[in-house]
Amino acid sequence: MITNATAWKRFPESGQTSIASYVEFLVEVINQMEHCSLIRYRDRELVVDTQDLKEVSVLKHAA
């Protein structure tokens, strides 16, 4: 499962990595453009239609 913590470890210099839902899978959005986006699911990078992505709100746990 990809979390914001995982994304931050992979791309510490880039605060642009986000999590989205794509066909019911949680994916990392590496780069998002108007018509297409580069995503990562597990060890695969794919180019998908941006309209197919759904933003996921991540809730932080209280300490």
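Phe25 is partly exposed, because its relative accessibility is 42%. Buried means under 20% relative accessible area, exposed over 50%, and partly exposed in between (1.4 Å probe, protein chains only). This is a predicted model: local features need pLDDT of at least 70, side-chain atom pairs count only at pLDDT 80 or more, and totals for chains, interfaces and linings use all residues. Residues are numbered from 1 along each chain as its sequence is written, and side-chain values use heavy atoms, with hydrogens and water left out.

**Aromatic pair**
- Rings of Phe, Tyr and Trp (its six-membered ring) pair if their centres lie within 6.5 Å; planes under 30 degrees apart count as stacked, over 60 as edge-to-face and the rest as tilted.
- The count by this rule is 1 aromatic pair.
- Phe25 and Tyr41 form this tilted pair, with 5.0 Å centre to centre and 55° between the planes.
- Phe25 sits in strand 2 (residues 25-32) and Tyr41 in strand 3 (residues 36-41), so the pair ties together parts 16 residues apart in sequence.
- Tyr41 has 25% relative accessibility, so Tyr41 counts as partly exposed.

**Sheet**
- Strands (E, at least two residues) are DSSP runs, numbered from the N terminus.
- Two strands pair if DSSP finds at least two bridges between them.
- The open sheet has 5 strands in the order 4-3-2-1-5, with antiparallel pairing.
- Strand 4 (44-49) and strand 5 (54-55) are at the edges, each with a single partner strand, so one side of each has no neighbour in the sheet.
- Strand 2 and strand 3 pair in the antiparallel sense over 4 bridges.
- Asn31 has Leu38 of strand 3 as its bridge partner.

**Salt bridges**
- A salt bridge is a side-chain nitrogen of Lys or Arg within 4 Å of a carboxyl oxygen of Asp or Glu.
- The structure has 2 salt bridges.
- Glu28 and Arg40 meet in a salt bridge at 3.9 Å, N to O.
- Glu28 is in strand 2 and Arg40 in strand 3, so this pair ties together parts 12 residues apart in sequence.
- Both Glu28 and Arg40 are buried.
- Arg40 also forms a salt bridge with Glu45, with the closest N and O atoms 2.3 Å apart.
- Shared partners join Glu28, Arg40 and Glu45 into one network.

**Nonpolar core**
- A nonpolar core is a set of buried Ala, Val, Leu, Ile, Met, Phe, Trp, Tyr and Cys residues joined through side-chain atoms within 4.5 Å.
- The largest nonpolar core has 6 residues: Ala20, Val27, Val29, Ile39, Val48 and Leu53.
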